[in-house]
Amino acid sequence: NLYNDHAIMPEYVGRFSGTNAEAKEMNADSSSAASAHHSTSTRWSVLSERIQGLLLEATAVGVGMEEYCMDMSGLEGAAMRAVREKMMKTDWKKEWEAGRTMFAYGEEMSTDPLEAQMIKAMTTMKQPRRILEIGMFTGYGAAAMLEGCPSARVVSLEIDPFLKGWVEECLAAADASGGSDTAARLNIVTGPALDTLQDLPPSEKFDLVFVDANKSEYRRYIEILLELDLLADRAQIIADNTLYCGIPYTDPLLDSQPARRAFGDAIRDFNQWVKDHPSLQQVILPMRDGVSIIMHTPS
């Protein structure tokens, strides 16, 4: 027998009942039966249908999950809303072309709304006395932390003088209409963060730090904070973009934006450095582009 030394060949059974495939509605625009129905990962008959279904479900779950979380979250206060609305109305391309900004900006560079609400919640739980923000942009993260702890004072390090005036004006207007004091509790220091960090008085330690600036400098920011003894015992550090475009954990062959590789490599080194540091402990959350919660535990 030809098959004596081989596994028995399965018999042809036609449509596999386990696929739960259903009849498809054909129309004149359909190129084939396979393209004429709504594929899912469980309703498929050919490989291309399965791939289409997996992509469709991944999109539905991924996008739908974030939209649902936003719909069910309500921590955005008046100052945060004022910043977000002004940011969306600002013609950043025009400001750049007019030479008023140091860099070409876009609203996608701001702290994500859902992430900002998480930061506000963490600030509420931490109730820090002094907060340091490294990299402010439009101040959405700063506004979240100011709202999270009404008694806290925030020092924001920002390289672009244009953004200092932009944020101060925005928060002052929001305070005037809402009776708050966020602008009065925010001190914006302009200049490169590696320089301005050196000027911070060590007698005034920080209980909470939010890092969202040059990705290649993350490690040096924290090293300076430690060297100058600027962190209170059990201070909390929130670092944004610590999964930077997936680069820290994916093969370079998968790069869709190779120009970003150096920043992603720097973030990978930063993550490993934090993990190995004797006085730092971290957890990395897969929110948006990655958020690290780092605890300073010198003892």
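Strand S1 (residues 130-134) and strand S4 run parallel and are joined by 4 bridges. Strands pair here if DSSP finds at least two bridges between them. Within this pairing, Leu132 stands opposite Val209 of S4. Helices and strands are DSSP runs numbered from the N terminus, with at least four residues (H or I) for a helix and at least two (E) for a strand.

This is a predicted model, in which local features need pLDDT of at least 70 and side-chain atom pairs count only at pLDDT 80 or more, while totals for chains, interfaces and linings use all residues. Residues are numbered from 1 along each chain as its sequence is written, and side-chain values use heavy atoms, with hydrogens and water left out.

Stay with S4. Buried means under 20% relative accessible area, exposed means over 50%, and partly exposed lies in between (1.4 Å probe, protein chains only). S4 also pairs with strand S5 (residues 231-240). Those two strands run parallel and share 5 bridges. One of the bridge partners is Ala239 in S5, which faces Val211.

Which residues does Leu230 touch, leaving aside its neighbours within four places in sequence? Leu230 is in contact with Leu197, Leu200, Pro201, Pro202, Lys205, Phe206 and Leu225. Contact means heavy atoms within 4.5 Å. Leu197 is 33 residues away from Leu230 along the chain, and the C-alpha atoms of the two are separated by 9.4 Å.

Now step back to the whole protein. It has 9 helices and 7 strands. Of its 299 residues, 42% are buried. Among contacts with a separation of 6 or more, 66% are between residues 24 or more positions apart. The protein exposes about 16700 Å², and carbon and sulfur atoms supply 55% of that area. Accessible areas come from the Shrake-Rupley method with a 1.4 Å probe, and for residues only the protein chains shown count as cover.

Next, the aromatic rings. Rings of Phe, Tyr and Trp (its six-membered ring) pair if their centres lie within 6.5 Å; planes under 30 degrees apart count as stacked, over 60 as edge-to-face, and the rest as tilted. By this rule there are 9 aromatic pairs. One of them joins Trp92 and Tyr105 edge-to-face, at 5.8 Å centre to centre and 90° between the planes. Trp92 sits in helix H3 (residues 92-97), while Tyr105 sits in the loop between H3 and helix H4 (113-126), so this pair links parts of the chain 13 residues apart. Trp92 is buried, at 3% relative accessible area. Tyr105 is buried too, at 13%.

Trp92 also pairs with Phe137. That pair is tilted, with 5.5 Å centre to centre and 40° between the planes. Phe137 is in the loop between S1 and helix H5 (140-148), 45 residues from Trp92. Phe137 counts as buried because its relative accessibility is 9%. A single aromatic cluster takes in Trp92, Phe103, Tyr105, Phe137 and Trp166.

Backbone angles come next. Most residues other than glycine have a negative phi. Arg234 is not a glycine, yet its phi is positive, at about 65°. Arg234 is found in strand S5, and at 46% relative accessibility it is partly exposed. Arg288 also has a positive phi, near 50°. Its place is the loop between strand S6 (280-285) and strand S7 (291-296). Is Arg288 buried or exposed? Arg288 is exposed, because its relative accessible area is 53%.

Last, the cysteines. A disulfide is a covalent bond between the sulfur atoms of two cysteines. The search counts a pair of cysteine sulfur atoms within 2.5 Å. Over the whole structure it finds 0 disulfides. Cys170 is buried, at 6% relative accessibility, whereas Cys245 is partly exposed, at 41%.
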